[in-house]
Amino acid sequence: MKKNLDAIDRRILRELQESGRMPIVELASRVNLTKTPCAERVKRLERDGIIQGYRAELDPEPLGAGFSLIVHVTLSQTSDNALDLFNEAVRRIPEIQSCYLLAGHFDYMLRIRTSDIAHYRNVLGERIGKLPGVQQTHSFVVMETVKDDKTLPV
């Protein structure tokens with residue numbers, strides 16, 4: 001459901017995507033509002049679910065998550081129940097950063113971060129390979145991240 005956002009709402013969203021910790025006074029200045037109306041708009045955007053949270057961007061390397069992979073998963077069946085079981089189980093594996101249900105030659109694409117190939121082999125054998133309904137997986141090592149932008153055009 002698309003929300004009606006005016007130009008000021010969109011400017012607020014662009015600014016907060018760039019710097020979510022920006023003080024409300026600075027944000028108000030950047031979008032040409034006073035503090036109170038700006039704060040009210042931010043609260044409305046949060047209440048309406050357009051702003052879903054604020055997070056720090058972390059460098060994966062010093063945190064032991066510098067090894068990145070894409071995994072294609074084919075399930076043995078794709079009934080609603082089978083998909084629900086798979087989805088629920090995927091959410092419990094912290095190394096899986098993203099999971100997408102796709103239409104195409106395979107059923108899911110996973111984005112995974114581990115410390116190294118040995119860690120990944122363990123995750124693959126002990127967790128991903130044992131997910132409900134998994135028939136086959138294909139793993140692709142990410143050699144370089146060219147773009148990984150989480151901002152949305154507003």
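Visitor: How much space lies in the largest pocket?
Guide: Keep in mind that this is a predicted model. The lining of the largest pocket takes in 34 residues. The space inside comes to about 1,500 Å³.

Visitor: Which element gives the most to the lining of the largest pocket?
Guide: Elements that put two or more residues into that lining are H1, strand E2 (96–101) and strand E3 (108–114). The top contributor gives four residues, and that is H1.

Visitor: Which residues lie nearest the centre of the largest pocket?
Guide: By class, the lining splits into 13 nonpolar, 11 polar and 10 charged residues. Nearest the centre you'll find Arg55, Ala56, Glu57, Lys150 and Thr151.

Visitor: How are H1 and H3 oriented, roughly parallel or roughly perpendicular?
Guide: Helix H1 (residues 7–18) packs on helix H3 (residues 35–47) with the axes 11 Å apart and an angle of about 80 degrees. Angles of 65 to 115 degrees count as roughly perpendicular. So H1 sits against H3 roughly perpendicular.

Visitor: How many charged residues has the contact of H1 with H3?
Guide: On the H1 side there are Ile8, Asp9, Ile12, Leu13 and Leu16, meeting Cys38, Arg41, Val42, Arg44 and Leu45 of H3. Seven residues in this contact are nonpolar and none are polar, while the charged ones number three.

Visitor: Which element gives the most to the lining of the second largest pocket?
Guide: This pocket holds about 150 Å³ of space, and its lining has four nonpolar, two polar and four charged residues. Strand E1 (67–75) and E3 each supply at least two lining residues. The one giving the most, with three residues, is E3.

Technical notes
Residues numbered from 1 in each chain as written. Predicted model: local features only at pLDDT ≥ 70, side-chain atom pairs only at ≥ 80, totals over all residues. Heavy atoms only, no water. Axes fitted to C-alpha atoms, helices over the stretch in contact; angles between N-to-C directions. Parallel < 35°, antiparallel > 145°, perpendicular 65-115°, else oblique. Contact = heavy atoms within 4.5 Å. Nonpolar A, V, L, I, M, F, W, Y, C, P; charged D, E, K, R; others polar. 1 Å grid on protein atoms, 1.4 Å probe; cavity = no way out; pocket = protein on both sides within 12 Å on 5 of 7 lines; lining within 4 Å. Points joined across faces, edges and corners; volume = space filled by probe spheres on them.
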